[in-house]
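I set out to record, entry by entry, what I looked up in one protein structure. The sequence and the model come first, and my notes follow.

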Amino acid sequence: MKIRPFWVLLHRYVGLAMTAFLIVVGLTGCLLAFYAELDAAINPQWSTSTEDRTPLGPLTLLESAERFDPTIKADAMWLSETAATVTVSPRMVRNDESPEPAYDQLILNPYTGELLGQRHWGDLSQGLQNLMPFIYKLHYALALGDIGVWILGITALVWTLDCFVGFYLTLPPGKAHRPGEKSLASKSFWQRWQPAWQIKCSASKTRINFDCHRAGGLWLWLALLVFAWSSVYMNLGGFYSKVMQSVSEYHQPWSEFPDLPQPVQHPQIGWRQAQDIVQVELNRLEQQQGIKIELPSGFWINRAKGFYVYAVKSSADIQDHGGQTRVVIDAKSGSVKQVLLPTGQYSGNTITSWLLALHTANIWGLPYRIFVCVLGLAIVMLSVTGVLIWLKKRRRFSVQFQAEPKHRSK
């Protein structure tokens, strides 16, 4: 039984099914590689100078946000050099007749706590101020909410598996396939595989299209696999966790702690108490494990599961901006549920930290971000050339099929 034709057909039609989604993901990914710069260019009024100043603490910024509007409560705070972003929600549970809040995100000056702006994140009806968040929604969920997350999550999983199928199809045959064709056995493996890595520019347009698809996929294979599997992590977190836990030691609070019967609206442990507990743990990390704590990067509450997460940048982090060194605090008892380092603690977490940094272009500076931008265009190219290959095969099959009755009638 010939197995290769089966994998060719599978690769062809799986690729067709993913084409539209990968084109959207590739094009939006090009822009998201420069999300911070583009968002700042669109909203310059939300950026502040960073000249020799120390930002306010996360707790101060959270409390500042809640003072601006007594009808909202803070859920999360993310800190950068130029702005502090606070995610908020209504303090009271909305009913079906109450109007949708005009915003769910406040942008604060990280050095003074001054309100710089507000927006309903990703809502294009509010204007260009939400352009980059909307592009992020397209990239992550096709701007379709949970349904889009699942669609792209399944696409990412299929894409991951198809990476291996595509790689297999580039491998050279072991012997001649056509009668009378000179045997390839005398050539080394690399000599037989080498054409798959090359684009023959002097060939026909059809051949050049095929070479771009095959050689482009080979040269970028490892990067494509990294982005496919990291997309599974982002969209199918539960599945990703089970796979990683089966092959490595991997821990995440959102996968290990169950949802509460009701989300926490008024936690017994407040923001200030949680921060005090976190500070004790961070001091312990520095003294006992030699981890250097640098700057806070985020502070949020998971109301569905009932815990706080405090994130800092430390010597265990690898990304250029922000930090993934996290302390998880129970919002009811104040107990420390987890202390997670991005690298050097659990092998699965280390792998995931690298996947996340690579996917978000948050490592190795500007050269790598340019590479990610180009990779997005390459994903579009691979999708389009794959469709053109299919159309060529389909037209050839149609011509042969139409000619068969005439042949039989003679």
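The entries below go from the whole chain to single residues.

**Basis of the notes.** I worked from a predicted model, in which local features need pLDDT of at least 70 and side-chain atom pairs count only at pLDDT 80 or more, while totals for chains, interfaces and linings use all residues. Residues are numbered from 1 along each chain as its sequence is written, and side-chain values use heavy atoms, with hydrogens and water left out.

**Whole chain.** I counted 13 helices and eight strands in the protein chain. Helices (H or I, at least four residues) and strands (E, at least two) are DSSP runs, numbered from the N terminus. The C-alpha atoms fill a box of roughly 90 × 50 × 45 Å along the principal axes. Of the 410 residues, 43% are buried. Buried means under 20% relative accessible area, exposed over 50%, and partly exposed in between, with a 1.4 Å probe and protein chains only. I also looked up contacts, which are heavy atoms within 4.5 Å. Among contacts with a separation of 6 or more, 57% join residues 24 or more positions apart.

**The sheet.** I traced an open sheet of eight strands with antiparallel pairing, in the order β4-β3-β2-β1-β5-β6-β7-β8. Two strands pair if DSSP finds at least two bridges between them. β4 and β8 (336–340) are the edge strands, as each pairs on one side only. Strand β5 (residues 293–302) and strand β6 (residues 307–314) run antiparallel and are joined by eight bridges. I noted that N302 has F307 in β6 as its bridge partner.

**Helix α4.** I asked which residues of helix α4 (residues 131–141) are buried. They are M132, P133, I135, H139 and A141. These buried residues pack against α1 (4–32), α2 (35–42), β4 (115–119), α5 (146–170) and α12 (347–359). L142 follows α4 and has a positive phi, near 60°.

Helix α7 (residues 205–219) has 15 residues and spans 20 Å from its first C-alpha to its last, close to the expected 21 Å. The expected span is 1.5 Å times one less than the number of residues. Its buried residues are N209, D211, R214, A215, G216, G217 and L218. In the loop between α6 (189–193) and α7 I found Q194, which is partly exposed at a relative accessible area of 31%.

**Nonpolar cores.** A nonpolar core is a set of buried Ala, Val, Leu, Ile, Met, Phe, Trp, Tyr and Cys residues joined through side-chain atoms within 4.5 Å. The largest has 35 residues, of which W159, L224, F227, Y240, Y368 and L375 touch the most other members. The elements giving two or more residues to this core are α1, α5, α8 (221–235), α9 (237–247), α12 and α13 (365–409). The largest share, ten residues, comes from α8. I then followed L375, which touches L220, A223, L224 and F227, leaving aside residues up to four places away in sequence. A second, separate core of 33 residues includes I72, A74, A84 and A331.

**Cysteines.** How many disulfides does a search of the whole structure find? I recorded zero, where a disulfide is a pair of cysteine sulfur atoms within 2.5 Å. C201 is in no disulfide either, and the nearest cysteine sulfur, that of C212, is 7.7 Å away. C163 is buried at 7% relative accessibility, whereas C201 is exposed at 64%.
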